[in-house]
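Please examine the sequence and the three-dimensional structure shown below.

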Amino acid sequence: HLRTLCKKDLGLPHISEATEAQKATGMCWTNEFELYNKGSPFKITLRDKRGIMVTILADNYFGYCKKEVKTQIGLSANVFGLAEEEHAGGALAFKTYSLGRHFYPDS
């Protein structure tokens with residue numbers, strides 16, 4: 001799970017090589033086994049020059065996902081211009097099941 005990733009494994013610098021900003025925000029490590037965000041849930045969002053957004057949620061609370069989708073729809077409407085976002089209600093979610101490592105559908 002993403003919450004068990006170490007800062008070193010994510011490419012963050014050792015404190016001896018970190019900038020003052022990285023030190024101030026904890027975006028460096030002193031112990032190679034130091035967990036990112038102390039092992040707590042986190043969200044990482046980025047947007048490239050084309051406006052493509054990517055979000056990684058390291059948590060299993062569905063509300064965070066709904067909020068992030070709303071944020072991205074709102075931003076898209078604003079960037080596109082002359083558009084309005086529509087809030088028609090909730091989200092549709094289904095229970096998932098593990099089908100094992102191999103799945104062979106009926107023919």
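How many disulfides does the structure hold? A disulfide is taken here as a pair of cysteine sulfur atoms within 2.5 Å, and the structure holds zero of them. This is a predicted model, in which local features need pLDDT of at least 70 and side-chain atom pairs count only at pLDDT 80 or more, while totals for chains, interfaces and linings use all residues. Residues are numbered from 1 along each chain as its sequence is written, and side-chain values use heavy atoms, with hydrogens and water left out. Cysteine 6 is buried, at 10% relative accessibility, and cysteine 28 is buried as well, at 7%. Buried means under 20% relative accessible area, exposed means over 50%, and partly exposed lies in between (1.4 Å probe, protein chains only).

The interior may be considered next. In soluble globular proteins, nonpolar side chains tend to be buried together. In this model the largest nonpolar core has five residues, namely Leu12, Trp29, Tyr36, Phe42 and Ala58. Such a core is a set of buried Ala, Val, Leu, Ile, Met, Phe, Trp, Tyr and Cys residues joined through side-chain atoms within 4.5 Å. If neighbours within four places in sequence are set aside, tyrosine 36 is in contact (heavy atoms within 4.5 Å) with Leu5, Cys6, Lys7, Leu10, Leu12, Met27, Phe42 and Ile44.

Lysine 7, one of these contacts of tyrosine 36, also takes part in a salt bridge with glutamate 34, where the closest N and O atoms are 3.0 Å apart. This pair links distant parts of the chain, for lysine 7 is in the segment before α1 and glutamate 34 in the loop between α1 and β1, 27 residues apart. Helices (H or I, at least four residues) and strands (E, at least two) are DSSP runs, numbered from the N terminus. Lysine 7 is buried, at 8% relative accessibility, whereas glutamate 34 is partly exposed, at 25%.

A search of the whole structure finds five salt bridges, each a side-chain nitrogen of Lys or Arg within 4 Å of a carboxyl oxygen of Asp or Glu. Another of them joins glutamate 32 to lysine 8, with the closest N and O atoms 3.8 Å apart. Because glutamate 32 lies in the loop between α1 and β1 and lysine 8 in the segment before α1, the pair ties together parts that are 24 residues apart in sequence. Glutamate 20 and lysine 23 also form a salt bridge, at 3.5 Å between the closest N and O atoms. These two residues are three apart in helix α1 and are therefore separated by about one helical turn. Glutamate 20 is exposed, at 60%, while lysine 23 is partly exposed, at 35%.

The loop between α1 and β1 also contains asparagine 37 and lysine 38. Asparagine 37 has a positive phi of about 55 degrees although it is not a glycine, and lysine 38 likewise has a positive phi of about 55 degrees. Asparagine 37 is partly exposed, at 34%, and lysine 38 is exposed, at 78%.

β1 (42–47) and β2 (53–58) each supply at least two residues of the patch. Leucine 2 is placed in the segment before α1 (20–25).
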